[in-house]
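This report walks through selected parts of one protein chain. Please keep the sequence and the structure at hand while reading.

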Amino acid sequence: MNTEFIVTAGERVKRLDAFLVTHERGVSRSRVQRLILSGRVRVNGDVPKPSQKVKPGDRISLDKPEPGPLMVNHQPVPLDVLYEDEVLLVVNKRAGVVVHPTSGNWKGTLLNGLLEYLQSTEKTNGLNTEMSHPGLVHRLDKETSGVMVVAKTDQAHRALCSQFEKHTIARTYEALLYGNSISTQGTIDLPIGRDAINLKKVSSNSTKPQAAITDYTVLQRCEGLIARVELTPRTGRQHQLRVHMAALDCPILGDQLYGGQKVCQIQGMKIPRMMLHARKLGFLHPGLMSYQEYVLEPPAEFLTVFHAGHKMA
């Protein structure tokens, strides 16, 4: 169930978890904190910490799971595990898979599959009993493929979350753009936030824009059709790469929300999904205390679309 709050002018500044306990009936502070840490709470479109201070004008959205069997359940979901040890998992999140159960997507999510995997392979000893489920440190949109890290202990979860908050995680994405008018490389510095009119979108037309910076490099071009680019976000705003590419008038292929119907096909060829792939993820391993980096090349449909663009050029 989705609920939205707007902090009123008369509200004093307080912690996010304290605010939600006051304004949402029947939830304890510990449950509120679990909801925040699992990514079910957003403040102005961004993933917050329980201790974040909220102030008048802030827009808070809460996606509270429905009671009963719709709480996160074990469920067989195909997983592609790239690496695993006692404290974390690195997985290939496939396009079309939702990361966490939400309204309308209660089953078949990555989290459902992780729970099943850890239980069926008798690896639950690696999951700290204080955690209600594997710790989702970050997310990828449903149609985005690529590398994700998942914590198996509270300590690993805290350490990885801290690295994401401090922007010390190394992240590189690949995307196919509709159009190739952008320069060979550059930096987009465009603050964004929840769109003031369309709440499903993020844009610079926001009452609470926050700093968002993306570096990009063009890897290959198909004359007049497609550009294959490497994207490196310096910040981690929701939909950041999608919004920044659209702001350059080169939206990501298949991204109907920010590019409209025109980006969903090229000369009659239907684009199967949004062409965005998380290619590289690097971080300080919280157990080994050494830098680890995982690289995953784009899947077949990504390359098929790009090669088709070459043939059409």
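## A buried loop histidine

His-239 is buried, with a relative accessible area of 14%. The cut-off for buried is under 20%. This model is predicted. His-239 sits in the loop that links strand S15 (226-233) to helix H5 (240-247). The phi of His-239 is near 60°, a positive value in a residue other than glycine. Most residues other than glycine have a negative phi.

Is His-167 buried or partly exposed? His-167 is partly exposed, at a relative accessible area of 40%.

## Thr-172 in strand S10

Strand S10 covers residues 170-178 and includes Thr-172. Thr-172 is buried, with a relative accessible area of 7%.

## The chain overall

The protein chain has 7 helices and 19 strands. Buried residues make up 50% of its 313 residues. Take the contacts in the chain with a separation of 6 or more: residues 24 or more positions apart account for 64% of them.

Strand S7 spans residues 88-93 and is mostly covered, with 6 of its 6 residues buried. In a regular strand the side chains alternate between the two faces of the sheet. Leu-88, Val-90 and Asn-92 point one way from S7. Leu-89, Val-91 and Lys-93 point the other way. Both sets are buried.

S7 pairs with S6 (residues 81-84) through 3 bridges, and the two strands run antiparallel. They form a hairpin with 3 residues between them. Across this pairing, Glu-84 stands opposite Leu-89 in S7. S7 also pairs with strand S9 (residues 145-151), in the antiparallel sense over 6 bridges. Here Lys-93 faces Gly-146 in S9 as its opposite residue.

## A three-strand open sheet

Another part of the chain holds an open sheet of 3 strands, in the order S1-S5-S3, with antiparallel pairing. Strand S1 (2-6) and strand S3 (41-43) stand at the edges. Each has a single partner strand, so one side of each is left without a neighbour in the sheet. The twist averages 15° from one strand to the next.

S3 and strand S5 (residues 59-63) pair over 3 bridges in the antiparallel sense. Within that pair, Ser-61 in S5 is the bridge partner of Arg-42.

## Helices H1 and H2

Helix H1 (residues 16-23) packs against helix H2 (residues 29-37) at an angle of about 120°. Their axes are 9 Å apart. H1 and H2 are therefore oblique to each other. H1 passes H2 in a right-handed crossing.

Which residues meet between H1 and H2? H1 brings Leu-16, Asp-17, Ala-18, Leu-20 and Val-21. H2 brings Arg-29, Val-32, Gln-33 and Ile-36. By class, the contact of H1 with H2 has 6 nonpolar, 1 polar and 2 charged residues.

Technical notes: Residues numbered from 1 in each chain as written. Predicted model: local features only at pLDDT ≥ 70, side-chain atom pairs only at ≥ 80, totals over all residues. Heavy atoms only, no water. Buried < 20%, exposed > 50% of the residue type's maximum accessible area, 1.4 Å probe, protein only. Helix = DSSP H or I, 4+ residues; strand = E, 2+ residues; numbered from the N terminus. Pairing = 2+ DSSP bridges. Axes fitted to C-alpha atoms, helices over the stretch in contact; angles between N-to-C directions. Parallel < 35°, antiparallel > 145°, perpendicular 65-115°, else oblique. Left-handed = near helix turned anticlockwise from the far one by under 90°. Contact = heavy atoms within 4.5 Å. Nonpolar A, V, L, I, M, F, W, Y, C, P; charged D, E, K, R; others polar.
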